[in-house]
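Before reading the notes below, please have the sequence and the model open side by side.

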Amino acid sequence: MLQPRLFATPQEGTTSDDYYTPKWLFDALGIEFDLDVCCPPEGPLHTPCKAYYTQEDDGLAQQWYGNVWMNPPFSTNKVWIQRFVAHRQGICLSFMSKSQAFRTLWQTVDGIVPLPPDWKFVQPDGVRADVFMPCMLMAYGADNLEALHRSKIGRVR
């Protein structure tokens, strides 16, 4: 089931949601994704993916396929998590929350690993940005679970 279109226009400039995944994280995972469903407007900076959706494409309104990477806009995290749970194949970066969507994700994923407390996002200008909430990687699928273990980022549960 496709979601209604979340954004009516392409992204212009930066927003409070522009916090990108650092390259070291993808290097540690050592896995290629078929699709990045929440890609920055200029395309994937570091994401090893074959295809991607930007805000202009509206990843929620598109078909998801294969192994996905998802670092969703934190301002609209809930709808993205619901879609990721329905897809059940990939790795997502999420912050902890009290939402039912997060609870469902927590209870159904194949593996979870917390990110180190001192890790930082990367902003469009290349500046490292502090994270104000605990974040983690959550995976569906055997290959993605193996990538979490191989990454040595932390203890996989």
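1. Basis of the note. This is a predicted model, in which local features need pLDDT of at least 70 and side-chain atom pairs count only at pLDDT 80 or more, while totals for chains, interfaces and linings use all residues. Residues are numbered from 1 along each chain as its sequence is written, and side-chain values use heavy atoms, with hydrogens and water left out.

2. The chain as a whole. The chain has 4 helices and 8 strands, where helices (H or I, at least four residues) and strands (E, at least two) are DSSP runs numbered from the N terminus. Read from the N terminus on, the elements follow the order α-β-β-β-α-β-α-β-β-β-β-α.

3. Of the 157 residues of the chain, 45% count as buried; buried means under 20% relative accessible area, exposed over 50%, and partly exposed in between, with a 1.4 Å probe and protein chains only. Among contacts (heavy atoms within 4.5 Å) with a separation of 6 or more, 60% are made by residues 24 or more positions apart. The chain exposes about 8,200 Å², of which carbon and sulfur atoms supply 52%; accessible areas come from the Shrake-Rupley method with a 1.4 Å probe, and for residues only the protein chains shown count as cover.

4. In H4, the residues Asn144, Ala147, Leu148 and Ser151 are buried. Seen down the helix axis, the buried residues of H4 fall within an arc of 100°, so they line one face of the helix; the arc is that of the directions from the helix axis to the C-beta atoms. Ala142 and Asp143, which are exposed, sit on the face of H4 turned away from its buried side.

5. What covers H4. The cover over the buried residues of H4 includes helix H1 (23–29) together with strands S1 (33–36), S4 (90–95), S5 (111–114) and S8 (135–140).

6. The residue after H4. Lys152 lies in the segment after helix H4 (142–151), and its phi is positive, near 60°, in a residue other than glycine. Most residues other than glycine have a negative phi. Lys152 is exposed, with a relative accessible area of 72%.

7. Asp58 is not a glycine either, yet it has a positive phi of about 60°. This residue is placed in the loop between strand S2 (49–52) and strand S3 (68–70). Is Asp58 buried or exposed? Asp58 is buried, because its relative accessible area is 0%.
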